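This tutorial dialogue concerns the reading of a protein fold from its coordinates.

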Amino acid sequence: MEKEKRKKKKLAPGICDFCGEESPLCYICTHCEFTICQRCFIEHQKLFTRTGVTWVCPNCLNWETL
Ligand SMILES: [Zn+2]
Ligand SMILES: [Zn+2]
């Protein structure tokens, strides 16, 4: 029986490294755990994403899928 499915979390609760505020919906880099809330993400979209499919972590330059 499988109780827990290992799903890749796209959005998880965390403390945003940008605004320092706690948010229930954050993008988290799987490499360095850089956290950005959805609000900052949308506000600074141009910094992170161009395609809307992937975003780049400004901390470690790792590409993450959205
Ligand atoms: Zn934020
Ligand atoms: Zn990172």
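Predicted model: local features only at pLDDT ≥ 70, side-chain atom pairs only at ≥ 80, totals over all residues.

Q: How many helices and strands does the protein have, and in what order do the elements run?
A: Helices (H or I, at least four residues) and strands (E, at least two) are DSSP runs, numbered from the N terminus. The protein has two helices and five strands; read from the N terminus, their order is β-β-β-α-α-β-β.

Q: How does one read the sheet, and what is the order of its strands?
A: In general, strands of a sheet pair through backbone hydrogen bonds, either parallel or antiparallel. Two strands count as paired if DSSP finds at least two bridges between them. Here three strands form an open sheet in the order S1-S2-S3, with antiparallel pairing. S1 and S3 are at the edges with a single partner strand each, so one side of each has no neighbour in the sheet. Neighbouring strands are turned against each other by 65 degrees on average, direction ignored; the axes behind such angles are lines fitted to C-alpha atoms, for helices over the stretch in contact, and angles run from 0 to 180 degrees between N-to-C directions.

Q: Which residues face each other across the strands?
A: Strand S1 (residues 12–15) is joined to S2 by three bridges, and Gly14 has Ser23 in S2 as its bridge partner. S2 and S3 also pair over three bridges, with Cys26 opposite Cys37 in S3.

Q: What makes up the largest nonpolar core?
A: Nonpolar side chains tend to be buried together in soluble globular proteins. A nonpolar core is a set of buried Ala, Val, Leu, Ile, Met, Phe, Trp, Tyr and Cys residues joined through C-beta atoms within 7 Å. A residue is buried if 20 or more other C-beta atoms lie within 10 Å of its own, exposed if 12 or fewer, and partly exposed in between, with C-beta atoms placed from the backbone. The largest core here has eleven residues, among them Cys16, Tyr27, Phe41 and Trp55. At least two core residues come from each of strand S2 (22–28), strand S3 (35–37) and helix H1 (38–43). Buried residues are 20% of the 66 in the protein.

Q: Where do non-glycine residues take a positive phi?
A: Glu33 has a phi near 65 degrees and is found in the loop between S2 and S3. Glu33 is exposed, with 12 other C-beta atoms within 10 Å. Leu61, with a phi of about 60 degrees, lies in the loop between strand S4 (54–56) and strand S5 (63–65). Leu61 counts as exposed, with 10 C-beta neighbours inside 10 Å.

How values were computed:
Residues numbered from 1 in each chain as written. Chains lettered and ligands numbered in written order.
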